[in-house]
Amino acid sequence: MLKTCKVVYDLDEATYRKAEGVSKSDLDFVHVEPELLQWREFSPEVDLKREALDFGDLFHKYFLQPELFKREYAVEPDTRGMIDTVDELRAECDRLGVAYKKTAPKSELIELLKGVGSKKIKTVELDAFNNGLKDRTIVKCEDYRRVMDMGFSIQAHPIAMDLFTRAGSNEVSFFVKEEGDHCIRKCRADRVCEEGFIVDLKTTRDVDKLQASIVDYRYYVQAAYYSDIIEACTGVKREFVFVFVGTIPVLGRYPVRVGKLPEFLLEKGREEYRHDLQVLKEYQDFGSKGVKTFEGFERFFRYNTYNNVENGKDF
C-alpha cells in the first residue's frame, strides 16, 4: 500500500538535492562505500563557477530548460569580424565619413564611432556584455554554437524529436515512500511523457562506447530506480528510454542514439538498487560495523555487469 507520494513540477535543482529522500547518486556512493555519504556531506564543495564549465549541465539546460538557461548563462558576443585596432577604427571612421584627428587615441576613436551608432567595435561589445553579466556563468560563443548544433542534431532525429515534442513535461521530481520502505526514494526525470515513456538525455564523448558507459555509470540502475518510483507515483508503467548525443562530431555531425535497455539488465539494476537500499538501512541503523553486506573497505575490483551483455547485441 502506498504511504506517501509527491510529484513536483519546476522544482529547482538545488531544492531537489536538499529535499529529503534517497537519490540514485546517493545509491552510487552507498554501492562503493556507505561512509562516502558522510564524506560528501562534510567535505568542502568546489565552486564550480571557478572550474571548467560543466558541458553536460550546460546542454541539459539549453535543451530542456531554455528559460533557466537564459537566467543562468551569458553567451559571449561573437567578435569575429569586429574592429579593435587603431588602424581598423580609423578605417571605419573613413568609411562612415567621421572626421578625426590623426593623433586621436583609440579611446577617442571609439567614442566618435559610438556617436554614429557603429555596431562593429569589439571593445564596446565586450564592455556591454560584462556590464550585463551579473551573476551568470559565461559561455564562450564557440561552446554555445556547439550546444545549438547538438540540439539541432537531436531535432533532426525523428524518434528523438518525437519523444521531446509529444505531450509531457521536463525536469519532473518524484518522491515516494511505500509500505515497508525505510526511507523516501526520489528521482528527477529529464522528461516524462504523458503516455509511454520516461526520457533521459545524456551527453557522451564516444557513442561507440555506450555499453561501457551504461555499466560504468550504472545507468541500468538509474533506469530501474526511476521507472519504479515514477510508476509508484503515477500508477502508469512507462518504458525508460535513453537519448545520447555526442559532444564530438563524427563525419561532420553530432551523433544521436536512442535506445532502451534489455529486460535482464533492468532486473539487474533493480536487484542492485534494492541491495544498496538495504546496505543504507544497515548503515543508518548500526553504523559501518553493522553492515552485514559490506566488508569494511572500499573494493577496487568488483564483478562487472558488462560481461553479461553479449557483444553489443542487447542495446
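Is Tyr 273 buried or exposed, and what is its relative accessible area? Tyr 273 is buried, with a relative accessible area of 4%. Buried means under 20% relative accessible area, exposed means over 50%, and partly exposed lies in between (1.4 Å probe, protein chains only).

1. **Ground rules.** This is a predicted model, where local features need pLDDT of at least 70 and side-chain atom pairs count only at pLDDT 80 or more, while totals for chains, interfaces and linings use all residues. Residues are numbered from 1 along each chain as its sequence is written, and side-chain values use heavy atoms, with hydrogens and water left out.

2. **Overall make-up.** The chain has 13 helices and 8 strands. Both are DSSP runs numbered from the N terminus: helices are H or I with at least four residues, strands are E with at least two. Of the 315 residues in the chain, 42% are buried. The accessible surface comes to about 18600 Å², and carbon and sulfur atoms hold 51% of that. Such areas come from the Shrake-Rupley method with a 1.4 Å probe; for residues, only the protein chains shown count as cover.

3. **Contacts along the chain.** Take the contacts with a separation of 6 or more: residues 24 or more positions apart account for 70% of them. Contact means heavy atoms within 4.5 Å.

4. **Aromatic pairs.** There are 16 aromatic pairs in the structure. Rings of Phe, Tyr and Trp (its six-membered ring) pair if their centres lie within 6.5 Å; planes under 30 degrees apart count as stacked, over 60 as edge-to-face and the rest as tilted. Tyr 225 and Tyr 273 are edge-to-face, because their planes stand at 70 degrees, with ring centres 4.9 Å apart. This pair links distant parts of the chain: Tyr 225 is in helix H12 (residues 219–234), Tyr 273 is in helix H13 (residues 263–286), and they are 48 residues apart. Tyr 225 is buried too, at 0% relative accessibility.

5. Phe 240 is buried at 6%, and Phe 242 is buried at 0%. One aromatic cluster takes in Phe 59, Tyr 62, Phe 63, Phe 69, Tyr 73, Tyr 144 and Phe 164.

6. **Charges over rings.** The charged end of Lys 186 sits over the ring of Tyr 16, 4.6 Å from its centre. Lys 202 has its charged end over the ring of Tyr 219, 4.1 Å from the centre. The test is NZ of Lys or CZ of Arg within 6 Å of the ring centre and within 35 degrees of the ring normal.

7. **Helix packing.** Helix H9 (residues 141–156) packs on helix H10 (residues 158–165) at about 95 degrees, with axes 5 Å apart. That makes H9 roughly perpendicular to H10. Ile 154, Gln 155 and Ala 156 of H9 touch Pro 158, Ala 160, Met 161 and Phe 164 of H10. Axes are lines fitted to C-alpha atoms, for helices over the stretch in contact, and angles run from 0 to 180 degrees between N-to-C directions. Angles under 35 degrees count as roughly parallel, over 145 as roughly antiparallel, 65 to 115 as roughly perpendicular and the rest as oblique.

8. **Positive phi.** Lys 134 has phi near 55 degrees, a positive value in a residue other than glycine. Lys 134 is exposed, at 75% relative accessibility. Arg 218 also has phi near 55 degrees, but Arg 218 is buried at 6%.
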